[in-house]
Amino acid sequence: MKILKIQTLRGPNYWSIRRQKLVVMRLDLEDLRDKTSRQIPGFYEGLLKTLPTLEEHFCSPGVRGGFLSRVAEGTMMGHIIEHVALELQELAGMLVGFGRTRETRTDGIYQVVIEYQDEQAGRYAARAAVRLCRSIVDTGSYPEKELAQDLADLKEIARDAALGPSTETIVEEADKRGIPWVQLSARAMIQLGYGAFQKRVQATLSDYSGILAVELACDKEGTKQILKEAGVPVPRGTVINYLEDLQPAINEVGGYPIVIKPLDGNHGRGITIDINNYADAEAAYDMARLVSKSIIVERFYQGRDHRVLVINGKFVAVAERIPARVIGNGKLTISQLVEETNEDPNRGEGHDNVLTKITIDRGSIALLEKQGYGLDTVLPMGEVAYLRATANLSTGGIAVDRSDDIHPENIWLAQRVSKIIGLDIMGIDIVTPDITKPLREVDGVVVEVNAAPGFRMHTAPSEGKPCNVAAPLLDMLFPPGTPCRIPIIAITGTNGKTTTTRLIAHIYRQTNLVTGYTTTDGIYIDDHLVEAGDNTGPQSAQVILRDPTVQVAVLETARGGILRAGLSFTTCDVGVVLNVAADHLGIGDIDSIEQMAHLKSVVAEAVAIDGYAVLNADDPLVVAMAERVQGKVAYFSMKADSPLVATHTESGGIAAFYRDGFLILRKGITEIKVAEAKDVPVTMKGMAPFQIANALAATLAAYVQGVEIDTIRLGLMTFKASVEQTPGRMNLFEVKDHSVLIDYAHNSASYEALGGFIRNWPGVKIGVIGGPGDRRDEDLINLGTLSAQIFDQIFVKEDEDRRGRAPGEVARLICQGIVQAQPNLPYETILKETEAIQKALSQATPESLVVFLPESVSKAIKLIEAYKSGN
């Protein structure tokens, strides 16, 4: 077997709207293309022995063991690999369940689709599944060592890619609320929302976390001084920089017991508590110096360690933190108890699980000795040995929720502290013998405050109820009624996408909203070009959706991008489907016009429940998409008497149609004349029917989003099919005594649409035509046939990028179509595009129309400009 290609989908896609994280593997079964699993000796037994957990896969029988029954009866290897890849991820702790396997039109080549949680893990699982199945085919087994390594690799990949526990909590809450989020490429930042409504978080720092407050929280001594001056109970302490200052500092804080910690430390690093003699103090000083040059010496206060979480000035939760410890059972040594504790599935490395594994180091051994223990000590039943002096979860500690126990005065104090420091999200460390009583009554103190406090102790305490601490954070970033998304208008279809996209964007520009849009010629924000080139895929759309200045996104959405990666957004407000024609067939395993329609329907199906799918009522393939739309539908039509439009509007629906030279909107029985086609420049004075259809679609897309009719009308009447606004789309030049038209038509449907305009031209019509080399032979022949029905004289050229064709092959097929349609029509083959254009211009007569359908629009425009100037 050979893997031909692996692609990663990250949004709504051809295979599923809901399951957006998919790996698509194009697999050649080679020698297994004609063999089912039943025809491979020992395969069923080898697979069952290797992965007995496949018993849990229901598959099409819909019962436990259903998939294995399919294997026993005989199924193709692509189907088996799909299930194996899913199961490998499941065994590595990643919950996935969606898969599809489909044979392509090429015998033995399959599309194998599997869900993933982490895309690198998904790709790895796909490759590992092929290796595993190949091994069982060849040898009857898959080595246990290899399987163990696969699972270890998958777990490591998932662990490395995982978000931190606090971030994970935030994005899970965002998902519940329908707030889109994306992981940015720098500094582990997460963007919540789109465009101008976005907010950013980095762990538990947010857009509202001021640098002054964060810096103050990191300055432990400065914080303590500010709080002390405000009357907040804080430990007596001082800062030193040299060992000789240690004893005077101890005297200053009132003698032992003391705490020594680094000024700039975090996560409990370098902290030693409950020091009762100078020798221990000196050792603690040396340990703190490994973390910071400046050292804090404080009075040690007896009591329990608590972390109070305050968000947006309001108390959210409090957890008691207990240092890493083991409890004796009278049988095991402390070392063995640590090993047993670390076997808890809730404990992991670092922050990758609810709890962190306990590690033993010099500090742990010293603390045990201080308690009178060693690693080999067998602890009596119920006796506790502490492995860490500090209560950080990151060093193996546990948390107990005390949110229902804290005294109201302590809540008031915590909220006041957050205001004094000025942090939007703050963790306040309090030491007190009893959190149920005011600190002032029990000699409790605020030990320190923390910017970017961890959420793990609150969301997954070892004891007590979990607290949804992400909810108040998102309430702060997105108060009720505050939007998190900018309007998204997505446009797809075989022809007319770029013109319609630009026209919609132009209409929105009249509303004074900052409009970002993507097209085949670039990414734009208002009048500014962000990036030139074909930018109709999901990565280009992300540029717009991530930009904090953009208030409306208008996204041309092409076939290729949907196939390669899916959509860049989970839902859109308006999804426009202009048409579906036989173009790009045979590419990307889209072999029929029905499959192409299914691919383009992804845009319509991604429309939100309260959004609109704008569909072409004159195209049966587009009309059929309405059945799969979860939102509302609006239709546009060139036929004033369209039965579908009549039925739809009679039931209260919205539609736009063309009648008696006017673009008309209808909702229910109410009609609005938006504009006369001859006054809409893009329609070429009403002579280009396909441009009228594009204008109707654009009108609807804006109207259903609440744009005023007068604004829509202004947009329609000020948008011109010019080189500046629509390069390569119906660009008409007046040159000397004749005219030149440049258009990007490159498929049969666009040739037919263009012909509707050209046939109305009164003079001689000369065409310079060609076609992309990756189209089917019959498609290229049909381009020749259509051209013969449009032009009086034809020059056939070829693209520089022949896309795998031999020189002259594309031209030969087009000429074949010309001869079949009009044997006597004058035509000439000139393979170089520049030479073909120059020859056509030399043949122009007064009032004639020379039409160029170029590979490079920019080069063709330069040629025309040079021709106009006489160069």
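Modeller: The largest cavity has a volume of about 70 Å³, where volume is the space filled by probe spheres set on grid points joined across faces, edges and corners. A cavity here is a set of points on a 1 Å grid over the protein atoms alone where a 1.4 Å probe fits but cannot get out, and lining residues have an atom within 4 Å of a point. The lining of the largest cavity takes 15 residues, and Thr 536, Gly 537, Pro 538, Ala 541 and Thr 557 lie nearest its centre. Helix 18 (538-545), strand 26 (552-556) and helix 19 (559-565) each give two or more residues to that lining. Counting cavities of 30 Å³ or more, the structure holds two.

Keep in mind that this is a predicted model: local features need pLDDT of at least 70 and side-chain atom pairs count only at pLDDT 80 or more, while totals for chains, interfaces and linings use all residues. Residues are numbered from 1 along each chain as its sequence is written, and side-chain values use heavy atoms, with hydrogens and water left out. Helices (H or I, at least four residues) and strands (E, at least two) are DSSP runs, numbered from the N terminus.

Now to Ala 581, which sits in the loop between strand 27 (572-577) and helix 20 (593-605). Ala 581 counts as buried because its relative accessibility is 12%; buried means under 20% relative accessible area, exposed over 50%, and partly exposed in between, with a 1.4 Å probe and protein chains only. Leaving out residues up to four places away in sequence, Ala 581 touches Thr 494, Ile 593, Met 596 and Ala 749, contact being heavy atoms within 4.5 Å. Asn 747 is 166 residues away along the chain, yet its C-alpha and that of Ala 581 are separated by 8.5 Å.

Next comes strand 34 (residues 738-742): five of its five residues are buried, so the rest of the structure largely encloses it. His 738, Val 740 and Ile 742 point one way, while Ser 739 and Leu 741 point the other.

Strand 34 has strand 33 (residues 731-735) as an antiparallel partner over five bridges, pairing being at least two DSSP bridges between two strands. Across that pair, Glu 734 stands opposite Ser 739. The two strands make a hairpin with two residues between them, and Lys 736 in the turn has a positive phi of about 55°. Strand 34 also pairs with strand 38 (residues 849-852), this time in the parallel sense over four bridges. There, Ser 739 has Leu 849 as its bridge partner.

Elsewhere, an open sheet of four strands runs in the order 5-6-7-8 with antiparallel pairing. Strand 5 (181-183) and strand 8 (205-206) are at the edges, each with a single partner strand, so one side of each lacks a neighbour in the sheet. Strand 8 is joined to strand 7 (residues 199-202) by two bridges, and Val 201 stands opposite Ser 206.

Note on methods
On a 1 Å grid over the protein atoms alone, a cavity is a set of points where a 1.4 Å probe fits but cannot get out, and a pocket is an open set with protein on both sides within 12 Å along at least five of seven lines; lining residues have an atom within 4 Å of a point.
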